[in-house]
Amino acid sequence: MAGGDNLDFEIRPASQPVPAVERAALMANPGFGRIFTDHMVTIRYADSKGWYDARVEPRAPIALDPAAAVLHYAQEIFEGLKAYRSADGGVTTFRADANARRFRESATRMAMPHLSDDLFLGSIRELVQVDRDWVPTDPEGSLYLRPFMFASEVFLGVRPALEYLYCLIASPVGSYFAGGVKPATMWVSTEYTRAAPGGTGAAKCGGNYAASLVAQAEAIEQGCDQVVFLDTREQKYIDELGGMNIVFVLDDGTLVTPPLTGTILPGITRDSVLTLARDEGRAVQERPVSVDEWREGARSGRIRETFACGTAAVITPVGAVKSRDYEFSIGGGEPGPVTMALRERLVNIQRGNAEDPYGWVQRII
Ligand SMILES: *Cc1c(COP(=O)(O)O)cnc(C)c1O
């Protein structure tokens, strides 16, 4: 089948796919990122020949030389998106073209080669086609897709590698909120930051996550669900969570979210939510929000709601906030009405239960 970039995907079907009965048992309670489909996509890159050897093959461990550059200097990027089962049994994706573009932008920042949008989107079509039985039929479930690329060159010198491996794996996932949407508690980290101006905050690279783990662990220790990072310059303005963007809802219905100034990952969920809000006539402000404004606003009622957004959980209401010196709740700790209405509107478009005036949903099967 044609893959684009004049590369065809060679399909090597698994000789021992998971039997249907076992697959059904696994998919009954998939959790998040624990179970995987039978196949994966790999595409290789060498500076001398460009992208080559595009394959859909049985999912298996990847053999790496101990001197593979990624193991030493972390030249790695990834994406995350979902495929949904439609009512007629087909399969769709949501704004996959935006993930393809962001993957290129991340590659630029990390001095890596670009994978064309044709190859990126082609890899998704090919894998979902082969592993279509792994797309959950459960109306809350989806197939989480994880494209990633890393430096595979065997070389310990410090420079951009000359060889890379692109890979796509897929994992059926259930509802993020088993038993209903539950507001999360945030830990505001005053010790650790995530991204400095000029750094890699806007690139979706594994290194950002590695740097956030100790802060996330601290959040859990403090009885919170997620960490909120502040700006590195003044430790005053809110950037985002470890893997989700943050949005505030004011008492007049305005949405406020930190601007994309290079230290924040430009979330596709963030962009979708802002688009939906503007189109329903809400004011949207992309401007810095200080922790003081957040705390004061929650107390006075100026800030009525806060939510986090990202592909995995879509929209998560924030019920309470904690830091070394203070603690406060938002909207009485309950999910806010604007948060929940935006969530429902977005999920309905994603799942094909509402009209999609934006052309966000693409049918792939
Ligand atoms: C992926 C990611 C997000 C959310 O992006 P979506 O495109 O909405 O999934 C937010 N912050 C960080 C740090 C991320 O890596």
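**Exercise 1. Find how many residue pairs are in polar contact between domain 1 and domain 2.**

Step 1: the count is 10 residue pairs, both residues at pLDDT 80 or more. A polar contact here is a pair of N or O atoms within 3.5 Å, where within protein one must be able to donate a hydrogen and the other to accept it, and residues adjacent in sequence count only if both atoms are side-chain atoms.

Step 2: look at what domain 1 brings to the side that touches domain 2. β4 (76-78), β5 (81-85), β6 (91-94) and α3 (96-109) each supply at least two residues, and α3 gives the most, with five. Helices (H or I, at least four residues) and strands (E, at least two) are DSSP runs, numbered from the N terminus.

A word on the model: it is predicted, so local features need pLDDT of at least 70 and side-chain atom pairs count only at pLDDT 80 or more, while totals for chains, interfaces and linings use all residues. Residues are numbered from 1 along each chain as its sequence is written, and side-chain values use heavy atoms, with hydrogens and water left out.

**Exercise 2. Work out where the two domains lie and how much area they bury.**

Step 1: domain 1 spans 10-173 and domain 2 spans 184-350, with bounds from an automatic or database domain assignment.

Step 2: their C-alpha centres are 28 Å apart.

Step 3: together they bury about 1600 Å², 60% of it on carbon and sulfur atoms. Buried area is the accessible area (1.4 Å probe) that two parts lose on being put together, summed over both.

Step 4: on the domain 1 side, Phe-78, Phe-94 and Arg-102 lose the most area to domain 2, together 37% of what that side buries.
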